[in-house]
Structures are given as C-alpha cells and as structure tokens.
Amino acid sequence: MIVYGAGAVGSVIGGRLRQGGADVAIVTRQAHADAINGSGLTLRSAKGTEVVDLEAVTSIGQLRPTGDDIVVITAKTQDTPQIHAELFDWDPNVSVVCGTNGVEHERLALRRFAGVYAMVIQLPAQFRKPGEVTVLCGPTNAILDVGRYPSGVDDTAERLAALIDGSPRLLSEADGDVMTKKYGKLLVNLGNIADAACGMAGRGAGVTAAAIAEGHQVYAAAGIRWEQPPERVDRYKERAATMQFDIPVGDTFVGGSTWQSLMKGATTLETDYFNGEIILLGRLHGVPTPTNEFLQGYAARMLRGEIRAGSVTTDQLDAEWQQSIT
C-alpha cells in the first residue's frame, strides 16, 4: 500500500494502516520524510501521542512496483496530473485510489489508468510540523468509504475497505455508489472559502447556504444524485456518531483544508474543483451560479494576499456577496 501526497490526511491514513499491520509507504515532502524516517510519524490526539514506524520517500521511483500495488492519492486535485504522469511511468497497471475532495480527480485518473477507485474522505486533521500530525476526531479518526469508478465494487475495493476498517480508529466499507457520497461531500466543500475567510463561523454564513442551494439546482438539472436512501443515511449516522471533534488541550481548530492551504502559503487552491465544479455544471445545463462565481473570485483574491485568512466577519462577507449579485 502506498499513500501518495501525504500531508495531514495522508499521514493519518498511512500511520493508522501501518498500526493495523499493513505494509505501507508514504510519498511526501522532503522535510516530512526526513523527520519520519529519523524519528517516526507522531500522531497527536486528545488521547495522547503515538509514534509510528513508517517508511517515507520523496519519489515513487524510490519504491519498486510489485504488480498488485494500490496507491491512495491524497494530494489536492490540481496537483494530481503530475502524480498521474509519474505513476504511469512507474507502473501503468497500478490501481489508483482518488482520496481527494471534489469529483474531478477520478475523471483525470481514468485517462491513464484502468483501475480507478473513488474514496470519500471524512478525516479532519492538521499538519503540525514535519513528522507530526494532529488528528481532530475520536474515537474514530476517519471514515473512508471506497468503490470502483465510475461505479461498482470489485476484489480490490473489498480488500482495501477491509484493510482500512481493520486498522485502528478508521472505518471503511466498499460502496458501489461511492460517487453519490462524493457529490454530497462536494456540497459541504462549497463553504470552504467562507470558512477560510471567516473561520468556522463561515459555515453559517448566508453565502454558504446560497452556494449549496445553487449546487442542488445544478445537480437537479444535470441529473446527478447526491442524496442517500434512508437506510444508507441511517447507516452513515450510526458510524459518524463515533467520530466527534476531540481536539487536544491547548489546540484550536480554526478552519478546514482551504484555510490550512492559505496559512501554509499555497500558490493554488482547490476552489476550481469545488465551487468551479458547480459553475461548470451550471454553464453546461443553463443554471445561473452567481454565488459560487462570487466565492471563486473571492478565493482568487485571498490567494493573491488581498484578503487575509480569518480576517473577515460573516456579516462582512455576506454584505459583499449581496452587493455582487444585485
């Protein structure tokens, strides 16, 4: 098992799989790899600190293909084309698992690989420093359901789900309709820019609710399913009840993945694959999406440094949004 693009999320997955007895390597940045190879991967949680002996490399070329490898990619969507190119040169027959938010990564991967799998990620975590990651939920750290793309379940999906589900603090099941879950998760990610601008209060902003409403409208126009049947909703709620925010004393959780990217000085964001996906669908199916267009533009301003992460109130953000659509 290989986890490629291991920041906070990928490190937790790799570390927990290793604790469960899996043969795991992660591909990550040089400083993170050096720290892990020198002192192990430190996983912090409200329950304490654990150190995991884990192999970390900086290039897939440092690993030898075995013929039945599974590579879980946890990088941002915009960073995946280069990863796909490297993996294709390494082993064009490798099984690729798209452990990313949004719904575009799978389509990109299918251009090169026959064995493509979708994974819906529910795993709040923060990168603390090289070699150290904080997990923010417990007792379950993550729910990671997986299925073949575009649909279905096969032996690889079943094997991967069982491996994850058998690892400490992780839950997973093979789901032949996992993309429906990913489209549902995408709606949540439409609020990432509000979250980045205002902190977690941004989730309650009017602009966030309006962006999600536009998402519902374009899904309906495009014939895209995102809602689960009642029995599957009940099943998910049962599992999600074991995954509650449980933050180490003294730590704070200010924002999600987009906020963290901005705080780390990222030069690109996933916004084009979140709000941009709704804009794309709207333009294809004749549905206006002014709110998501506003958020896409707001993201560009934040990336340019014109607006600092966490510096805006929800009232300020909503007022600017209302002005933009009138």
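Analyst: Residue classes first: Ala, Val, Leu, Ile, Met, Phe, Trp, Tyr, Cys and Pro are taken as nonpolar, Asp, Glu, Lys and Arg as charged, and the others, including Gly, as polar. The model is predicted, with pLDDT of at least 70 required for local features and 80 or more for side-chain atom pairs, while totals for chains, interfaces and linings use all residues. Numbering starts from 1 along each chain as its sequence is written, and side-chain values use heavy atoms, without hydrogens or water.

The structure has 2 cavities of 30 Å³ or more (on a 1 Å grid over the protein atoms alone, points where a 1.4 Å probe fits but cannot get out; a pocket is an open set with protein on both sides within 12 Å along at least five of seven lines, and lining residues have an atom within 4 Å of a point).

Around it are Thr100, Asn101, Gly102, Met119, Val120, Ile121, Lys182, Lys185, Leu186 and Asn189. Here the division is 4 nonpolar, 4 polar and 2 charged. The greatest share comes from α6, with 4 residues.

Helix α6 (178-189) also takes part in an open space: together with α11, α6 gives two or more residues to the lining of the second largest pocket. The volume of that pocket is about 300 Å³. Val103, Tyr149, Met179, Tyr183 and Ile224 are the closest to its centre among 19 lining residues. The pocket lining comprises 10 nonpolar, 4 polar and 5 charged residues.

As for α11, this helix covers residues 275-285 and includes Asn275. Asn275 is buried, because its relative accessibility is 1% (under 20% is buried, over 50% exposed, in between partly exposed; 1.4 Å probe, protein chains only). Beyond residues up to four places away in sequence, Asn275 touches Leu190, Asn292 and Leu295 (heavy atoms within 4.5 Å).

Terms used:
Grid points are joined across faces, edges and corners, and a volume is the space filled by probe spheres set on the points.
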